Amino acid sequence: MSETAPDGTVYTVTGNPDGAAVVLVHGLGMNHAMWQWQQPALEKDYKVVAYDLVGHGATPPDDAPSLTRFAIQLRDLIDHLGLKSVAVIGFSLGGMIVRRFAMDFPDRLWAIGILHSAHQRLGQEPDDVKKRVDLVRREGPQATVEVALQRWLTDDYRAANPDVTKMIRQWILANDHKVYPGNYQVLLDGVDELVAPDPPIDCPALVVTGTDDPGQTPAMSERISAEISGSTLAVLPGLRHMGFVEQPGVYNTLILDFLADAETHRGNGG
C-alpha cells in the first residue's frame with residue numbers, strides 16, 4: 001500500500017520492520033514498481049523503502065529537477081520515516097542520485113549500491129544522449145521508447161517475455177511529456193558533477209553493470225568503482241541495461257551478500 005510524504009513523495013515500506021533500512025531508487029522514466037524483482041528477496045531481512053522520484057510515477061514534478069533536488073527528496077523521505085542511517089541502492093539515474101546523496105549526506109548512509117549507472121561520457125557518448133533528450137523534448141517519450149527497450153533488454157528476453165516488455169513500455173509512456181525532458185536532461189548534465197567525488201565517497205559500495213549495456217558500460221562502472229575506495233565491482237556477462245529484470249536471482253544474491261558484509265563491518269564499527 002502506497003503512502004504519501006508531506007512533500008508529495010509517494011512511497012512504500014515493506015519487509016522486516018526490525019531490519020536495517022534499505023532504500024531503492026529507480027531509474028529515469030520508471031517508478032517504484034520496477035523493484036518488484038528485488039523486493040521479495042530483500043524483505044525477509046530488511047525494512048525496504050521504495051518511492052517515486054520527483055516528476056515520476058505518482059510523485060508531482062518540480063520546476064528545476066537536478067541531482068541535488070533528487071538527493072534532498074531522498075533525505076526528506078528518510079527524515080519523514082525517522083530513519084537515521086540507510087543503505088541506498090540506485091539504478092541508472094538512481095545510481096547517480098545515490099552518489100550525489102553520498103557526497104551531500106554521508107552521515108546518513110551505511111552502504112550504497114550503484115546499478116548500471118553512468119560515469120563521465122567520452123567521445124560520441126554525450127552527443128548520443130543529447131540527441132535523445134532533444135528528441136523527447138520535441139516528440140515525447142514515445143519517440144525513444146522502442147529503441148530504449150532494445151538497449152535495455154536482450155532480444156531473446158523481449159521475445160520470450162512480451163508482458164514484461166509491455167509493462168516497462170507503459171511505465172515510460174506514462175511520463176508527462178512536459179516533465180520527462182527535464183528529468184532526462186539531468187541524466188545528461190548530472191554526470192560531470194559526480195566525477196572525482198568531493199568529498200570522497202567512503203562507505204561500502206557495490207557497483208554493477210552488464211557486459212552488453214551500451215549506455216552504462218563496463219568501462220564506466222570501472223571508473224566509478226575506482227573512485228570509491230574499497231568498492232566491489234561486478235560486470236555480468238551477456239546482460240544489457242535492465243539485467244536485474246532478466247536475471248533477478250544473480251542480482252539479488254550479489255546485493256544480499258554485499259549488504260550482509262556491509263552490515264557486519266557496520267556492527268564491528270568498520
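Predicted model: local features only at pLDDT ≥ 70, side-chain atom pairs only at ≥ 80, totals over all residues.
On the face of helix α4 turned away from its buried side, we find the exposed residues Lys 131 and Arg 138.

Let me describe helix α4 itself. The helix covers residues 125–139, which makes 15 residues. From the first C-alpha to the last it reaches 21 Å, close to the 21 Å expected at 1.5 Å a residue. Four of its residues are buried: Val 129, Arg 132, Val 133 and Val 136. Seen down the axis of α4, the buried residues fall within an arc of 100°, and they therefore line one face of the helix.

What do the buried residues of α4 pack against? Their partners are α5, residues 145–152, and α8, residues 180–189. Just after the helix, Gly 140 takes a positive phi of about 90°.

Which of the elements gives the most to the lining? That is α4, with four residues.

I now move to the aromatic residues. The count of aromatic pairs comes to eight. In one of them, the rings of Trp 37 and Phe 244 have their centres 6.5 Å apart and their planes at 70°; since planes over 60 degrees apart count as edge-to-face, the pair is edge-to-face. This pair links distant parts of the chain, 207 residues apart: Trp 37 lies in the loop between β3 and α1, and Phe 244 in helix α10, residues 243–246. Both Trp 37 and Phe 244 are buried.

Phe 244 has another partner, Phe 91, in a pair that is also edge-to-face, at 4.9 Å centre to centre and 70° between the planes. Here too distant parts of the chain are linked, for Phe 91 belongs to strand β5, residues 86–91, and is 153 residues apart from Phe 244. The relative accessible area of Phe 91 is 2%, so this residue is buried. Phe 244 counts as buried at 1% relative accessibility. Trp 37, Phe 91 and Phe 244 belong to one aromatic cluster, together with Trp 35, Trp 171 and Tyr 251.

Finally, some backbone angles. In general, most residues other than glycine have a negative phi, and most peptide bonds are trans. Ser 92 has a positive phi of about 60° although it is not a glycine; this serine sits in the loop between β5 and α3, and is buried at 7% relative accessibility. His 116 also has a positive phi, near 50°. This histidine is placed in the loop between β6 and α4, and is buried with a relative accessible area of 0%.

Is the peptide bond that joins Asp 198 and Pro 199 cis or trans? The bond is cis, with omega about 5°. Pro 199 is found in the loop between α8 and β7.

Key: Residues numbered from 1 in each chain as written. Heavy atoms only, no water. Helix = DSSP H or I, 4+ residues; strand = E, 2+ residues; numbered from the N terminus. Expected span 1.5 Å × (residues − 1). Buried < 20%, exposed > 50% of the residue type's maximum accessible area, 1.4 Å probe, protein only. Arc of directions from axis to C-beta. Contact = heavy atoms within 4.5 Å. Phe/Tyr/Trp six-rings, centres within 6.5 Å; stacked < 30°, edge-to-face > 60°.
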